[in-house]
Amino acid sequence: MKLNSLAEKYRLKIYAVPTGNVVSGSDLGSNRFVTITKPAIAMVTGPGVNATDAGEIWHLLDQRMNMPATHLEPAVFNRADLNKYNTIILVGGNYPDLNKDKLKTWVQAGGILILTEEAVSWAAQNGITDVKFRRIKSPVDSAAKLAYTDRQEIDGAQQMNGAIFGAEADLTHPLAYGYNQKTVSLFKANKVFMEKSKNPYATPFYYGDRPLQSGWVSKENYDAVKNSAAVVVNTVGNGRVINIADNPNFRAFWLGGSKLFLNAIFFGRIIDAASARSGE
């Protein structure tokens, strides 16, 4: 009766099967089937956090997906019982007051930490992940003599105010579930340029030789984007850290990126540990 009511409410078709055996592929109920754990989500918000990035995720989960998420300011996070949550999200921003040791211990115990934009750099700098980054070449020759009035124009050209890049996806990876096209468009407005992992399975999204799809970017920044990682997955103890260099939820209309972000929430904990373990 319950299945019938759900099928009627959501307009689903339910089919009964007489056996668990299948003609091809894995039998129904075999050990190749994995259990998806219901997400219990917390997101760090408050001072230092990019309010628009946090708001975009709040809107995605609350308004579009009807999924509850607890918002913890750093002071509250530091005294909260993190065992209530199996997923923690850190968006772009700065987290000087966050207890990084407590966060890392939580990940090592089996938590899923999702990082976007500058939070990726913060976690690496504080020893939570071992992501490596590219250094951007200087736009000027240090030995050259330049006019003072040119400085603002030269420095301004190096800002990443927003461009669209096409990331190549490993469509077999859990984070790419539901994608049918190999190229996924992502919005970048930061200088987080990750190196690909030395583990061949740990970079499920990466930028190729000609990733720019729309917008303007300086030659120096474009060289840093080329052949860099868009997403890197790390194994930390029993947990996983999903590093997303860009903003997959830009202004609540970037639906392709939202799929990646939601896959991180639902499927992050089923990513095989060996596939995300650093070889270094």
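Leu90 has Leu115 of strand S4 as its bridge partner, a handy place to start. Strand S3 (residues 87-90) and S4 run parallel and pair over four bridges; strands count as paired when DSSP finds at least two bridges between them. Strands here are DSSP runs (E, at least two residues) and helices likewise (H or I, at least four), numbered from the N terminus. This is a predicted model, in which local features need pLDDT of at least 70, side-chain atom pairs count only at pLDDT 80 or more, and totals for chains, interfaces and linings use all residues. Residues are numbered from 1 along each chain as its sequence is written, and side-chain values use heavy atoms, leaving out hydrogens and water.

Now follow the chain onward: S3, helix H4 (residues 100-108) and S4 form a right-handed β-α-β unit, meaning that with the strands pointing away from the viewer, the path from the first strand over the helix to the second runs clockwise. S4 also joins strand S9 (residues 239-244) in parallel through five bridges, with Thr116 partnered by Ile244 in S9.

How covered is S4 (residues 112-116)? Five of its five residues are buried, that is, under 20% relative accessible area with a 1.4 Å probe and protein chains only. Ile112, Ile114 and Thr116 point one way, while Leu113 and Leu115 point the other.

Let's finish with His173, in the loop between strand S5 (163-169) and strand S6 (183-188). His173 counts as buried because its relative accessibility is 8%. Leaving aside residues up to four places away in sequence, His173 touches Tyr201, Pro204, Val233 and Ile271, where contact means heavy atoms within 4.5 Å.

Technical notes:
Buried means under 20% relative accessible area, exposed over 50%, partly exposed in between (1.4 Å probe, protein chains only).
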